[in-house]
Amino acid sequence: MCMPTNKKPEASTLVSSVGDASSSSAAILANNAYNNSTRPTKDETKHIKAVTSTHSDHVRNSNYDLLWFLGPALICYALNTSIAPIYAIGIARIISTRLTLTLHYLFFDKDNYLNKLPQKQLEREGDDYLVGTVLHMYAQIPLQLLFPAMFFSDPSVIGISAKRALISHILLVEPLYYFAHRWLHIPENMKSMHGFHHLSISTLPSTSLVQNFNEHFVYIAVFGPAFFAPFVLYGEMHWTIIGAYLVLFDLTNAYGHMNIKYRHPIFTSKYSPFQYLFYTPEFHLGHHAFFRANYALFMPIWDHMFGSWREYKKTDTDKLLPADQQDFVFIGHNAGLAHFLTCPEWDVYAAYGPFRTFKYLPYSVEFMFCNLVGAFCRLVMSCYTCSRYMINDTLIGRVICICRTPIDYINPKRYSLVNKDIVKLIKSQNKKHGTKCFGLGNLNKMKQVNDGGQLISDMVKADPELKDKDIRVWTGDTMTAASVYHQLTELPGFDTLDSIFFVGANGKIGNAVCKHLLTTKPNLKIRIYSLSHTLDHPNVTYTSDLADLLNHKVVVLGKQLSPRKYAKALAPFRGASSKKQELTPYKCRLILDYTVPYIPIDLNGFKNIEHHQIAVLETSPSSNFLKGHFDIGFGLEQHQIYPCHAGCIINTLYDRKTDEVGEICVQDMMTMWKRGQELGLSNRPLKF
């Protein structure tokens with residue numbers, strides 16, 4: 001059904017928050033966590049530029065991290081010292097850190113669309129947050145050899161050793177850290193070491209562990225007295241206390257780097273001793289905001305004593321729209337094992353970037369594993385609620401996934417179960433939040449499953465509870481078709497092309513794109529890979545030979561085929577020449593792929609053919625159209641969005657009253673594209 005012409009929503013006049021709040025003094029001043037009374041002045045942040053420029057290009061090769069982690073085992077074996085304490089402590093610290101990250105995302109970051117996780121920061125911290133833990137594992141080896149009683153005293157000393165370690169921390173570590181921290185803020189030391197940590201302005205719990213490599217040795221010297229001093233005085237200590245101290249230290253340090261507001265009179269009243277004895281996250285966030293204040297570790301008393309304490313208040317959560325507001329839901333599903341691994345609940349550092357590929361894992365094995373996980377999930381939940389984001393400063397959208405995996409979309413016997421889950425989700429979200437606008441993601445709108453969403457629309461209209469609720473169901477495919485069309489027509493030299501090869505032209509997106517191309521480019525010939533003929537046009541021909549794609553300069557992929565099919569079709573031509581000055585066995589130069597998820601084709605031996613993902617939109621940094629985590633877990637970069645998702649959001653914003661299901665209305669493609677451009681959306685540029 002073609003859409004009616006709706007009135008354009010009133011544009012927002014606010015300026016969007018900075019995407020990567022970790023890279024400049026301007027970002028610090030613009031960061032939405034600050035209010036007028038606690039915002040750093042320009043003079044206070046003028047020194048930041050030199051610090052960030054020193055460290056911002058840091059890149060660490062993480063390809064050998066597993067070998068570094070296993071290294072202590074080999075050394076311990078060679079030196080005949082115990083491996084168990086080293087790995088017990090190391091693994092406990094890693095698990096506690098990952099668990100803290102998961103809980104922090106679930107309860108704080110997921111719904112706080114004003115505190116977006118910047119991709120640049122996540123990539124940097126993801127490479128470095130475990131370096132200190134592994135380094136401490138190596139440092140423990142010589143200590144075990146030199147001072148065995150510090151680790152292997154009789155277990156009866158565990159209780160008293162814990163008390164001694166706590167006292168040593170309060171009397172030695174806290175003051176040592178305060179003065180060492182001030183020393184690290186000397187400009188020369190900031191540039192050489194500590195500035196790397198301060199690249200993160202909007203912090204994560206694990207930001208506490210991200211340090212310059214040399215700085216880790218400073219902290220070994222500062223924190224070591226907590227258990228080394230009692231050992232020197234009493235000649236006894238136990239590795240379980242050292243491990244417990246390090247884990248608790250990591251957790252307490254992570255608490256201070258949580259980007260949350262926690263205020264209680266016991267910590268904020270000037271009459272409460274706890275204001276001086278234990279810190280809050282806002283205390284340490286103030287240090288990251290002001291740089292030259294709030295240096296203390298866990299006890300602010302040292303800043304009060306030496307005049308470096310400064311009040312800081314985080315206010316961004318005060319500006320969030322009501323927690324129960326939910327104007328739009330994009331209904332997703334699991335897309336395989338790689339999709340699980342990009343869930344920020346599992347690994348926040350993998351939230352952005354392309355899906356991982358498992359070259360040696362057969363799809364059948366991967367999908368069976370995902371099927372088992374999906375079956376287990378359905379025992380305890382009907383759906384999974386993902387991130388919340390804001391639309392045009394007034395509306396709230398959210399991604400919610402039904403507990404379905406690829407096998408559910410492969411096996412026709414499960415199609416009805418998928419559709420029932422979708423309608424069940426629509427019913428529950430309408431009842432709970434009054435949500436009326438729903439988008440169908442990827443396989444949830446497959447023609448085989450529900451006729452491109454038409455069956456879902458019919459089921460909603462027939463449901464006694466939903467038929468009078470003004471529910472609207474959209475696929476967003478109109479925007480996808482518009483994106484693909486413009487990506488093609490904007491290619492350099494596209495007007496001079498005589499033909500293109502199209503895989504998936506019989507699908508509704510491919511069909512709409514081809515129809516529009518045949519109208520606007522009357523001389524263009526389209527060769528379609530398919531056994532069924534759905535387009536009747538003199539410029540359209542069909543083939544069942546996939547290798548025919550090599551005879552066309554531009555190839556468009558709109559349907560996922562088995563990698564084996566491509567391998568078989570291309571095998572006879574691998575390594576053949578395609579230089580212009582020679583007789584060339586193939587003309588193909590460019591393969592443009594809008595399938596989701598994007599899976600690279602093996603083009604070894606075809607050095608002049610490039611394979612690119614298309615139909616990915618970018619949001620304008622100056623636009624208020626979208627704020628928050630609308631872009632994580634999709635295999636995309638930050639500020640990117642699939643056009644079907646964006647199309648559904650645009651429908652919500654324009655208050656479209658009709659469903660967008662079934663076949664695509666070609667005349668709507670240009671309307672949707674114009675609306676997207678007005679909202680700051682554009683195709684991601686191709687890099688040839």
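User: Let's start with β7. How does strand β7 pair with β8?
Analyst: The model is a predicted one. In it, strand β7 (residues 525–529) pairs with β8 in the parallel sense, over four bridges.

User: Which residue in β8 is the bridge partner of I528?
Analyst: That is Y542.

User: What order do the strands of that six-stranded open sheet have?
Analyst: The order is β8-β7-β6-β9-β10-β11, and the pairing is parallel.

User: And which strands stand at the edges?
Analyst: β8 (540–543) and β11 (610–613) do. Each has a single partner strand, so one side of each is left without a neighbour in the sheet.

User: How much are neighbouring strands of this sheet turned against each other?
Analyst: By 20° on average, with direction ignored.

User: Switching topic. Which residues touch the most other members of the largest nonpolar core?
Analyst: L488, I500, F502, I526 and F625, in a core of 64 residues. Another core lies apart from that one; it has 34 residues, among them A180, Y245, F249 and M299.

User: Why would such residues sit together?
Analyst: In soluble globular proteins, nonpolar side chains tend to be buried together.

User: Back to F502. What is F502 in contact with, leaving aside its neighbours within four places in sequence?
Analyst: F502 is in contact with G510, V513, C514, I526, R527, I528, Y529, V556 and Y594. One of these, I528, is the residue whose bridge partner in β8 is Y542.

User: What about β2, is that strand largely enclosed or left open?
Analyst: Strand β2 (residues 383–391) is largely enclosed by the rest of the structure, because seven of its nine residues are buried.

User: Which strands is β2 joined to by bridges?
Analyst: Seven bridges join β2 to strand β3 (residues 395–402), and the two run antiparallel. Three bridges join β2 to strand β13 (residues 626–628), again antiparallel.

User: Which residues stand opposite Y389 and I391?
Analyst: Y389 stands opposite G397 in β3. I391 stands opposite L626 in β13.

User: What does N392 do in the hairpin of β2 and β3?
Analyst: N392 takes a positive phi near 55° in that hairpin, which has three residues between the strands.

User: What is the strand order in the open sheet of three strands?
Analyst: The order is β14-β12-β15, with antiparallel pairing. The edge strands are β14 (640–641) and β15 (681–683), each pairing on one side only.

User: How many bridges are there between β12 and β14?
Analyst: Strand β12 (residues 617–619) pairs with β14 over two bridges, in the antiparallel sense. Across that pair, E618 stands opposite Q640.

User: Which helix lies across β12 and β15?
Analyst: Helix α24 (residues 477–489) lies across them, and runs at about 50° to β15.

User: Now the whole protein. How many helices and strands?
Analyst: There are 28 helices and 15 strands. The C-alpha atoms fill a box of roughly 95 × 55 × 50 Å along the principal axes.

User: How does the radius of gyration fit with a compact globule?
Analyst: It agrees: with 688 residues, a compact globule would have a radius of gyration near 26 Å, and the protein has 29 Å.

User: What share of the residues is buried?
Analyst: Of the 688 residues, 56% count as buried. The accessible surface comes to about 31,000 Å², of which 61% belongs to carbon and sulfur atoms.

How values were computed
Residues are numbered from 1 along each chain as its sequence is written. This is a predicted model: local features need pLDDT of at least 70, side-chain atom pairs count only at pLDDT 80 or more; totals for chains, interfaces and linings use all residues. Side-chain values use heavy atoms; hydrogens and water are left out. Buried means under 20% relative accessible area, exposed over 50%, partly exposed in between (1.4 Å probe, protein chains only). Two strands pair if DSSP finds at least two bridges between them. A nonpolar core is a set of buried Ala, Val, Leu, Ile, Met, Phe, Trp, Tyr and Cys residues joined through side-chain atoms within 4.5 Å. Contact means heavy atoms within 4.5 Å. Axes are lines fitted to C-alpha atoms, for helices over the stretch in contact, and angles run from 0 to 180 degrees between N-to-C directions. The radius of gyration is taken over C-alpha atoms; the globule rule is 2.2 Å times the number of residues to the power 0.38. Accessible areas come from the Shrake-Rupley method with a 1.4 Å probe; for residues, only the protein chains shown count as cover.
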